[in-house]
Amino acid sequence: MFVSKLFIEFMLYSFLGWIYECTYCTVKEGHWRNRGFLFGPLCPIYGTGTVACELIFGYLPMFRSIPYSQIPIWKIFAICALGSIVLEYGTSYFLEKRFHAVWWEYYDMPLNINGRVCVPATMGFGIAGILVTRFALPFMEKVMGGLNPIAAEIIALLLMGYLAADLVLTVSSLIHLLDMVEGAMAEFDGRMEDMYKNAVATPGKAKEALTSVPVRAKEAMAVAAEKLDFRQRYQLKNIKNFRFKRPVFRGGRTLNTERMSEFYKGLQDKIRTGDEKQWKVKK
């Protein structure tokens, strides 16, 4: 029952976090923004943070005997703020390391660390931790206390199956997206290398080869865009930026990561432009 209870709460807070993220970004950008790493309406980082609050303030020996309402606010704030730094920085680092992608960044915010965390966001999470600990956790204790243990197990299993399916679809789609773009870039680099060799062998064709590079690049991007399925289009629209911290090897050669970042951004622009055109036509 204990594990089931925590997992149900994790999913609930992940859903509420998704609502908050979508609302905030929609208001800030002036148009609908569907946020999150997963396909479904979940932001697991919020669920993880809230469940961590419950485990710390509800079960650690130093807090276990103290009601939530009597835990000093400054302790809640300090622990939640520091915890958010570890959670946000670690999640951002892992996603970037695995997928070369950034779902959020704080370079435009003061006192940021590598764009992954910043003081204003950290303070916001500290304040949110106070609200969660003082109000949300006591309320959820009453709600979950009245839930039948068997029903809790069934609900948790159903939610676990849903989350597992979402994770598998998301990760496999992202890996396929990376593989496709790397393949397109390797093919493009191969063609450019052949053109360079021909230009060196035949100097008269050098100008023609140089002028054809932008055209070939657009052609490669158009072909790649046509291969994207709806899940990959969704992911590209949600990803904030692309960063490569290590070389990318494909087909026996090292790919130019700067051009790969430009290629990804070009795909994003193409998708967003296409969506805007469709919206205008429908309207």
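This report covers the fold, confidence and aromatic contacts of a predicted model.

## Basis

Numbering starts at 1 along each chain as its sequence is written. The model is predicted: local features need pLDDT of at least 70, side-chain atom pairs count only at pLDDT 80 or more, totals for chains, interfaces and linings use all residues, and side-chain values use heavy atoms, without hydrogens or water.

## Overall fold

The chain has nine helices and six strands, taken as DSSP runs (helices H or I, at least four residues; strands E, at least two) numbered from the N terminus.

## Confidence

Mean pLDDT, the predictor's confidence in each residue from 0 to 100, is 82 for the chain, and 78% of residues reach 70 or more. Helix H7 (residues 206-227) has the lowest mean, 61, and strand S3 (residues 117-118) the highest, 96. Where pLDDT is low, the predicted coordinates should not be read in detail.

## Aromatic pairs

The structure holds 10 aromatic pairs. Rings of Phe, Tyr and Trp (its six-membered ring) pair if their centres lie within 6.5 Å; planes under 30 degrees apart are stacked, over 60 edge-to-face, the rest tilted. Phe 2 and Tyr 59 are edge-to-face because their planes stand at 80°, with centres 5.1 Å apart. This pair links helix H1 (residues 2-29) to helix H2 (residues 44-59).

Tyr 46 and Phe 125 form a tilted pair, at 6.2 Å and 55°. Tyr 46 is buried at 17% relative accessibility, whereas Phe 125 is partly exposed at 26%.

Terms used
Buried means under 20% relative accessible area, exposed over 50%, partly exposed in between (1.4 Å probe, protein chains only).
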